[in-house]
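Student: I have a structure to look at. Can we talk through its salt bridges?

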Amino acid sequence: MRPQEAVERALALSRADDCIVIADESTTANLRWAGNTLTTNGVTRSARLTVIALRRTGDGVAAGVVSRSAVGADGIEDLVRAAEADAAGNEAAEDAAPLVTDGPAATGWDDPPAETGIGVFAGVAPALGEAFAAAESAGNRLYGFANHVQTSTFLGSSAGLRLRHDQPTGLLELNAKGAGGSAWTGAGTRDFTDVDVPGLAAGLARRLGWGDRRVDLPAGRYETILPPSAVADLMIYLYWSAGAQDAADGRTVFSAPGGGTRVGEKLASLPVTLSSDPAAPGRECAPFVVAHASSREASVFDNGLPLGATDWIADGTLTSLAQTRHSAERTGLPLTPSIDNLSMTGPGGGASLDEMIARTERGLLLTCLWYIREVDPQSLLLTGLTRDGVYLVENGEVVGAVNNFRFNESPVDLLSRLAEVGGTVPTLPREWSDYFTRAAMPALRVADFNMSTVSQAS
């Protein structure tokens, strides 16, 4: 059964007062390599059907949500009844709101789901072959993978809403190992036509060359240049933590002393802007809310709500927090639901990473961060490790690789100590690439990044 038909059938079978149905159909293509050799490739398919049954109660509306994979035509009624039974056992939902009736035009509702296949790597595989040969001749080894997912989401409701979104999500991660240690790079993409494999491989070879000289440094606070990937990992965690309801309840770094939120407060020492836009070129994402379950940052009642460009931080000032209609009513702040991409920009055009290195008297250059964990939600203090190359910069040049560190930093506090913001470029977060790939970030210079201890990781 086509996903559109599954949506219509579930709605027709529903006995609930209201019903929302979401059908997701995905295909995934992957390519893997190790030791300068392509190893595996394959294509998989998956489908998920979610039914949200809504039951009016004396004091509100109760919601029942059930989601299952690979539901056939004969399994739809059982799924619908299970959602209704769940609603029957639940109390009125705190986030209850009228169903959305208006939304973006459902273009292509009847068209088949979008698909991907191995052909999406037609330009990547030959370029990898050339990169493997160059690495082999230099005595290095390349490892990594490329992954591409096409997901078509069909959303329908008993209020007459019919919406569709096709989301391509791709990434490539490339790791080089040699006498100079290891180095990592990656790229997020919609279709791999914009992935520069030769450029990525050349960047890795350059970093391995920097590792020919090793320098041991103690823990401490260092002037540090964070490349866009490392910045993405920190800012994405900040974004995930910027829920309006938690802030209003006094639970997070965005809670104001004495109550309320810090919206309107200046957070950054430089006029940076952190924003999301469903129509951002190259980072396009769903232009309406898709919520398979309710949480403190999302509401099933908001399914289909149109999304627009949102500044979370504008010119250094906190302007918005992620909101549902319910939390917006509580906080009195504008309705600003979460959006599945994130960009950060600074004043002016911004310098390139090489230009920032060239004007560094002495400092560290990171490659990426990993194993990031939250230590304190009230300050958003994070800890984690550096990985795949930390380099010493002296008099405008990289002079060697240094040991890894454990860091302790809050991305919110870090914003207040910015010394320089580079030019914004598309980037792939290393730590969060399984969950978030649509990012554009600048490199950042911080005068006193806290390397709390030396790490033995290599």
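Tutor: Start with a network. In this predicted model, salt bridges link Arg221, Glu409, Asp413, Arg417 and Asp448.

Student: How far apart are the closest N and O atoms of glutamate 409 and arginine 221?
Tutor: A salt bridge needs a side-chain nitrogen of Lys or Arg within 4 Å of a carboxyl oxygen of Asp or Glu. Glutamate 409 and arginine 221 form one. Their closest N and O atoms are apart by 3.9 Å.

Student: Which strands hold glutamate 409 and arginine 221?
Tutor: The two residues are 188 residues apart in sequence, so their pair ties together separate parts. Arginine 221 lies in strand β8 (residues 220-226), and glutamate 409 in strand β16 (residues 405-409). The strands are β8 and β16.

Student: Is glutamate 409 buried or exposed?
Tutor: Its relative accessible area is 3%. Buried means under 20%. Therefore glutamate 409 counts as buried.

Student: Which residue does arginine 162 meet in a salt bridge?
Tutor: The N to O distance of this pair is 2.8 Å. Arginine 162 is in strand β5, and its partner is in helix α1, 154 residues apart. Arginine 162 is partly exposed, at 25%. The partner is glutamate 8.

Student: Which helix holds aspartate 354?
Tutor: Aspartate 354 meets arginine 206 in a salt bridge, at 3.1 Å from N to O. Arginine 206 is in helix α4 (residues 197-210), 148 residues apart from aspartate 354. Aspartate 354 is in helix α8.

Terms used. Residues numbered from 1 in each chain as written. Predicted model: local features only at pLDDT ≥ 70, side-chain atom pairs only at ≥ 80, totals over all residues. Heavy atoms only, no water. Helix = DSSP H or I, 4+ residues; strand = E, 2+ residues; numbered from the N terminus. Buried < 20%, exposed > 50% of the residue type's maximum accessible area, 1.4 Å probe, protein only.
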